[in-house]
Amino acid sequence: MALLPRLRLLHGGGHATSRPQVAFVFPGGGSLGAAQVGMARALLESGIRPDVVVGCSVGALNAAFLAQRPTADQAERLGQIWHTINRHTVFGDTRRRTITNLIMRSDHLYDSTNLRSLIARCCSLADLSHAAIPVHVVTTDLDNGGVRWWSSGKPTDVLLASACLPGLFAPVMLDGSRHVDGGVLDPVPVGRAVDLGARTVYLMGEVVGPGAERPDRLCALDVLLRSFAISRFARVAPPESLARPGQQVVVVPGADTRGIDIRDFSQTARLMAEGYTAAKRFLATRAA
């Protein structure tokens with residue numbers, strides 16, 4: 001039987017339990033998550049501050065960083081970290097390690113040491129519940145076959161699990177079971193913010209599934225990742241349709257991410273800049 005989503009009570013951070021007014025939602029997307037930084041900075045500069053943040057995979061990392069201090073300056077600092085990220089800082093020395101893991105029939109291709117170090121740089125909290133505002137992170141319970149939500153726990157474990165692409169990184173043990181990427185079941189976790197009662201939910205970026213692209217050539221790993229992406233987005237409902245009476249879901253437009261591999265960090269500067277500009281333009285239009 002699938003696990004029901006678990007809401008962990010927020011005691012350590014002293015967070016209020018009243019209904020949040022504003023929620024920021026950060027979906028998954030690997031290197032494409034750079035665009036979220038620009039969008040979030042635009043919202044924060046415009047005076048829109050979240051009471052709660054919700055994240056999946058790389059979006060969980062962005063969410064946790066901003067939850068420590070939900071300000072435009074903090075978004076700037078997050079952007080500075082993104083500028084230092086490349087394929088090596090996430091996947092490590094891939095060629096030799098990948099071959100070894102294939103020969104040894106390991107449950108993963110890439111070592112997660114570098115990714116864990118990156119997460120530690122982004123979230124130095126002892127526990128997720130110590131953030132300035134609540135942060136909710138989704139993982140997929142590989143052993144019990146269901147979604148799990150975390151608002152407390154060791155950040156380097158919870159965030160690593162949420163970003164653990166199946167087959168690429170080793171599953172992470174949490175509460176006695178193995179966990180992988182939250183995007184397996186909930187890549188665009190707007191529903192969580194709606195369930196928390198947020199009156200206005202800002203989704204960082206439009207939902208663009210893999211069907212919008214048709215690459216000419218695919219290696220074996222490309223086929224795996226594309227198949228995974230297709231399965232993730234097949235059941236994603238239009239975000240606006242998830243709002244209940246008294247709520248609204250606002251999809252903030254971001255950067256053009258077409259044709260960018262989720263492991264390619266060479267477009268970070270452009271994605272952040274375009275995300276910021278698109279969001280600023282969108283907010284100005286809404287205010288007019």
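## Strand β3 and its partners

Strand β3 and strand β4 (residues 146-150) pair in the antiparallel sense over five bridges. Two strands count as paired if DSSP finds at least two bridges between them. Strands here are DSSP runs of E with at least two residues, helices are runs of H or I with at least four, and both are numbered from the N terminus.

Before we go on, a word on the model: it is predicted, so local features need pLDDT of at least 70 and side-chain atom pairs count only at pLDDT 80 or more, while totals for chains, interfaces and linings use all residues. Residues are numbered from 1 along each chain as its sequence is written, and side-chain values use heavy atoms, with hydrogens and water left out.

Which other strands pair with β3? Strand β6 (residues 177-181) pairs with β3 in the antiparallel sense over three bridges, with Asp181 in β6 as the bridge partner of Thr139.

## Covered on both faces

How many residues of β3 (residues 135-141) are buried? Seven of its seven are, where buried means under 20% relative accessible area, exposed means over 50%, and partly exposed lies in between (1.4 Å probe, protein chains only). In a regular strand the side chains alternate between the two faces of the sheet. Here, Val135, Val137, Thr139 and Asp141 are buried on one side, and His136, Val138 and Thr140 are buried on the other.

Helix α2 (residues 58-68) is largely enclosed by the rest of the structure, because ten of its eleven residues are buried. Among them are Leu61, Phe65 and Leu66.

## A look at Arg199

Now to a loop: Arg199 sits between α8 (190-195) and β7 (200-204). Arg199 counts as partly exposed because its relative accessibility is 35%. Leaving aside residues up to four places away in sequence, Arg199 touches Arg19, Pro20, Gln21, Gly246, Gln247 and Gln248; contact means heavy atoms within 4.5 Å. Pro245 is 46 residues from Arg199 along the chain, and their C-alpha atoms are separated by 9.2 Å.

## The whole chain

The protein chain has ten helices and eight strands. Buried residues make up 52% of its 288 residues.
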